[in-house]
Amino acid sequence: MDKRYTEQQQIGYFEVDSNLFLTPSALVFHLQDTAIRHSASLGYTLDYMAEHHRGWAVVNWHIIIDHMPKCGETIKIVTWSSKCRRMQAERSYLLYDQYDNIAAHIASRWIFMNLEERKPTAIGSEMEQKYGNTEITAIENEKYKLPKLQKDDTIIERTFIVTRRDTDNNGHTNNVKYIEWAIDDIPDDIYNTMTISDIRVVYRKECYKGDAVTSKCCVHSLENGVKEVISFFEDGTGEGTLFAEVVTQWKNNAAL
C-alpha cells in the first residue's frame, strides 16, 4: 500500500548559496529530517530507535534536479516507502517549490541496522506494514549505478581530518557531509557558471571523528555541455578503504 507522508518547510538564509538557491547539502538535510519525522509519525521515534538499538543507514541517493528553490520559499516534500522488506527499504521523494511545481525527483535506499552489533537486521512484519510497499517510485527503474573512471581522468586530491561537527548521534560521519565535501571540490569554473542537475551517492563504509580522509575528484565532459564530477572519499592512511562516492552533473545556465 502507498502511504505517503507530506510536510512543508521554509528555506532559511543559512541553507542557500551566494545566489540564494537551496544548496545540495541543505536539500539532503531536509530529506533526511523528513524521513525521520515520517518514521516518528508511525511510532518509530528517535527515542524508540535508541531504546531498541536500531537505526536506518542510508546507502544511496539519486537526486534529479529540475530547479532549486530559493531563500524564503515554502517547499513541500512528499515521501513514501517504495519497497520495505527484509533488511532494506527504498524511499522516494518529490520536492515541490512554492508554486507547487516539482523541483526534484529523489530515490534513496536504506539499510535497517542493529546499532549495538553494527550490522544489518530484519525490519519485521509490523514495521514493514506500517511503512507500506508500492511499485510507484519517484525515479523509475532506479539501479543506483555510478560511472567508472576513465584512463585519462585528471585527479584533484586533498586529505583532511574528520571533525566533531561532521558526525551525528551514531558517532559516524553524517551522510550529508560527503555531499558538502564533494561540492567543496567542484572546480570554480563549473561551480560559478553552471547549475547542478543530478546528484548520485553511494556509501561504502563508515568513518569517524579523527579519521583521515583523502578526497579524489575528476571531471568528465558529457553531451550538451554537461560536466560530470566524480568524487571518491578514501581512507587517508593509504589502506585503500573507500568510504563513499559522490557524482554530480552540472548544466550550462543557458540550457535550463
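Student: Where do lysine 177 and glutamate 180 lie, and how many residues apart are they?

Tutor: Both lie in helix H4, residues 175–184, three residues apart, about one turn of the helix. Helices (H or I, at least four residues) and strands (E, at least two) are DSSP runs, numbered from the N terminus. This is a predicted model, where local features need pLDDT of at least 70, side-chain atom pairs count only at pLDDT 80 or more, and totals for chains, interfaces and linings use all residues. Residues are numbered from 1 along each chain as its sequence is written, and side-chain values use heavy atoms, leaving out hydrogens and water.

Student: Why is the contact of lysine 177 with glutamate 180 called a salt bridge?

Tutor: The term asks for a side-chain nitrogen of Lys or Arg within 4 Å of a carboxyl oxygen of Asp or Glu. Here the closest N and O atoms are 3.2 Å apart, so the pair qualifies. Side chains of opposite charge can pair when their charged atoms come close.

Student: What makes lysine 177 count as buried?

Tutor: Its relative accessibility is 13%. Buried means under 20% relative accessible area, exposed over 50%, and partly exposed in between (1.4 Å probe, protein chains only). So lysine 177 is buried. Glutamate 180 has 24%, so it is partly exposed.

Student: Why are aspartate 100 and lysine 76 called partly exposed?

Tutor: Aspartate 100 has a relative accessible area of 48%. Lysine 76 has 22%.

Student: What makes glutamate 234 and lysine 216 a tie between parts of the chain?

Tutor: Their side chains meet in a salt bridge at 3.3 Å, N to O. Glutamate 234 lies in strand E10 (residues 227–235) and lysine 216 in strand E9 (residues 212–221), so the pair ties together parts 18 residues apart in sequence.

Student: How do you know that E9 and E10 pair?

Tutor: Two strands pair if DSSP finds at least two bridges between them. Nine bridges join E9 to E10, so they pair, and they run antiparallel. Serine 215 has phenylalanine 233 in E10 as its bridge partner.

Student: How many salt bridges are there by this rule?

Tutor: The count comes to eleven.
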